[in-house]
Amino acid sequence: MSLDNQQQERRRPDRAALVIAALLMVVSLIIAWSTASHGAGANYARVGPTTFPYVIAVAFFGLSIWTFFEAWRGDFPEREKQEISPILWIVGGLAAQMLLLKTAGFSIATGLLFAATARAFGRGALWKTIPIGIVLAFVVWIIFAKGLQLSLPAGPLEHLLF
Amino acid sequence: MDTFGLLAQGLLTALEPMNMLYALIGVTLGTAVGVLPGIGPALTVALLLPVTYKLDPAGSLIMFAGIYYGGMYGGSTTSILLNTPGESASIVTALEGNKMARAGRGGPALATAAVGSFVAGLIATVGLAFVAPTVVKMALSFGPAEYFALMILAFMTVSAAFGDSTLRGLTALFIGLGLGLIGIDLQTGQARLAFGIPDLLDGIEVTTLAVALFAVGEALSVAASRGGDSTIQAIKGSVWMTREDWSRSWKPWLRGTAIGFPIGAMPAGGAEIGTFLSYSVEKNLAKKPEEFGHGAIEGVAGPEAANNASAAGTLVPLLTLGLPTTATAAIMLAGFQQFGLQPGPLLFATNPQLVWGLIASLLVANLMLLVLNLPLVGVWVRLLTIPLPWLYSGILLFATLGTIGANPSTFELGMLLAFGLLGYGLRRFGYPIAPVVVGLILGPMAEQQLRRALAISQGDPTILVHSPIAIVLLLLAATAVLLPLYLRARGRGKVLAQLGANED
């Protein structure tokens, strides 16, 4: 069967999975190091605030080794090819919203996120999607900040009208 | 008071106009998110958590439960008409339901799914009302050691027992447990893993993590893979079932309920398992097995009933033990905690009105859902025609709204972005999502119980295996990890892989 052949071909070290194994190891070391450097002084109970973190650090250590072996044997599922640019658009949109939220206010920041996401899914024309997004976010802001008393940051646009 | 008396009192609470309104909002939202691919009940409840801070606890919880039930109904519509399950528990429905729709029998398929869900929801909710007091009585005798064992069992079944890899399930669980460590230790007040960042002292917000993993991660993953287009099957012919349809459906409904409810009630993971079991049972019992794979109505009726029955079943451990076994239940638990309520045996004693009102409201919600999903099914179908760019732009708008509403800080949005990338990575490499959320919420509770148990025994770890109940629970937990490993090693892993779908 062709499926089996493909699987035979795949059975070689999976580099991305090896990176995951390394990351898990790093997490394990960070938890252990952080617990060791802050944990002193509270040792009056045998099972104190440091016990659980150590257990989890050890578990991450074990999972890292296990992942390493599965990665080496190529046991991870096959992955579809991914396009990078949609990811960059969405991440960019989220980053823009994060950075602009305080200064530009909810509507403008979120409108940019809206347009960037639409772009990631193939709806181009930013000059059209940005205004749509801002208007939509502004309506949402009115409903939730004014109607439901949610604390959504206001910017120039919100101050202009309220 | 007996169960009927309590349930009747609960019904009075549930029938208050405000609570009816909350239930209606809940089931409508739930159906909508169930229908829309890409968002599920877990994400919706997470998004609503910050919005409901200032609302009435009973009403909010009734709304959350309505969303949960509604999601189960709505998912079947998407499965049948689009062949893309709206949520994971409807995967099986797509097998036969979409074939029926292609053969021009979409109407009866939707009808049997809706009526089956109604029947199952009704029976299972009554089942919940009767089982809950018994479990509560049992749970009152549980000490910290038993609770700890119970949580270990829940961890193992949620992460390792099903799905296609024990390793990836466990890794996802420990990511959640690790994130749960961050913040101030509840017993000693010591900061852990906060790295001197004040924003981290309060711990990781459940809303932020859930929204990031489910909404941002999903959007990234769908955008990056650009899946093939699927076509919506128009509903042709009558929506109503023929006499033959009825006679072929009612037994699968009851069998599906009988399978789904216990599976949901045990701390044994999501609703998917019951649907797969029900499907194979119906296939074996069918009078016309040759129709399976070509649109057999039994294959829609049984799994849909099982799916709703197990949703009701999931509420048994959640309400009686405070133990969430699905991502949605985990976030509902966070909803309880937001109002200062801790689900568990004590809640039945301290706040019976709320608990029984919630249970009774499920009956009301079920009835509403039947009305929403049979005559109004055409409205929901139109939701499926929303183009993906607008759908996901909208999802991200509301996702960030939820996070900003909970905590309007740049740091929180940064975490949203970071966890969103984590969610994308998890999806890309085949890691399940639900164990991360369950780990974050249940991890700190398990640690508390463990430390309480050891404080009682003055540090002697044998207290953990001192009672027969604890031993049995821990043995079950060990089985949940080791048996699948063994089965996979023997090449039987395919069945398990089918059983463990991602909950969204």
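## Burial and overall form of chain B

In this predicted model, 63% of the 504 residues of chain B count as buried.

Taken along the principal axes, the box filled by the C-alpha atoms of chain B is roughly 70 × 55 × 50 Å. The secondary structure of chain B consists of 21 helices and two strands.

## The pairing of α10 and α12

Within chain B, helix α10, which covers residues 243-265, packs with helix α12, which covers residues 298-321, at an angle of about 30°, and the axes of the two helices are 6 Å apart. Because angles under 35 degrees count as roughly parallel, α10(B) and α12(B) are therefore described as roughly parallel to each other. The crossing in which α10(B) passes α12(B) is right-handed. Sorted by class, the residues in the contact of α10(B) with α12(B) are 16 nonpolar, ten polar and four charged.

## A glycine in helix α10

B:G264 has its place in helix α10 of chain B. This glycine has 33 C-beta neighbours inside 10 Å, and B:G264 therefore counts as buried, given that the cut-off for a buried residue is 20 or more.

## The contact between chains B and A

Chain B contributes 48 residues to its contact with chain A, and chain A contributes 58 residues. On the side of chain B that touches chain A, at least two residues each come from α3 (41-51), α8 (166-181), β2 (191-192), α9 (206-225), α17 (388-406), α18 (410-428) and α19 (434-456). Of these elements, α17(B) gives the most to that side, with eleven residues.

By class, the side of chain B that touches chain A is made up of 27 nonpolar, 14 polar and seven charged residues. The description here rests on residue counts, whereas the size of an interface is often given as the accessible area lost when the parts come together.

Terms used: Residues numbered from 1 in each chain as written. Chains lettered and ligands numbered in written order. Predicted model: local features only at pLDDT ≥ 70, side-chain atom pairs only at ≥ 80, totals over all residues. Axes fitted to C-alpha atoms, helices over the stretch in contact; angles between N-to-C directions. Helix = DSSP H or I, 4+ residues; strand = E, 2+ residues; numbered from the N terminus. Parallel < 35°, antiparallel > 145°, perpendicular 65-115°, else oblique. Left-handed = near helix turned anticlockwise from the far one by under 90°. Nonpolar A, V, L, I, M, F, W, Y, C, P; charged D, E, K, R; others polar. Buried ≥ 20, exposed ≤ 12 C-beta atoms within 10 Å, placed from the backbone. Contact = placed C-beta atoms within 7 Å.
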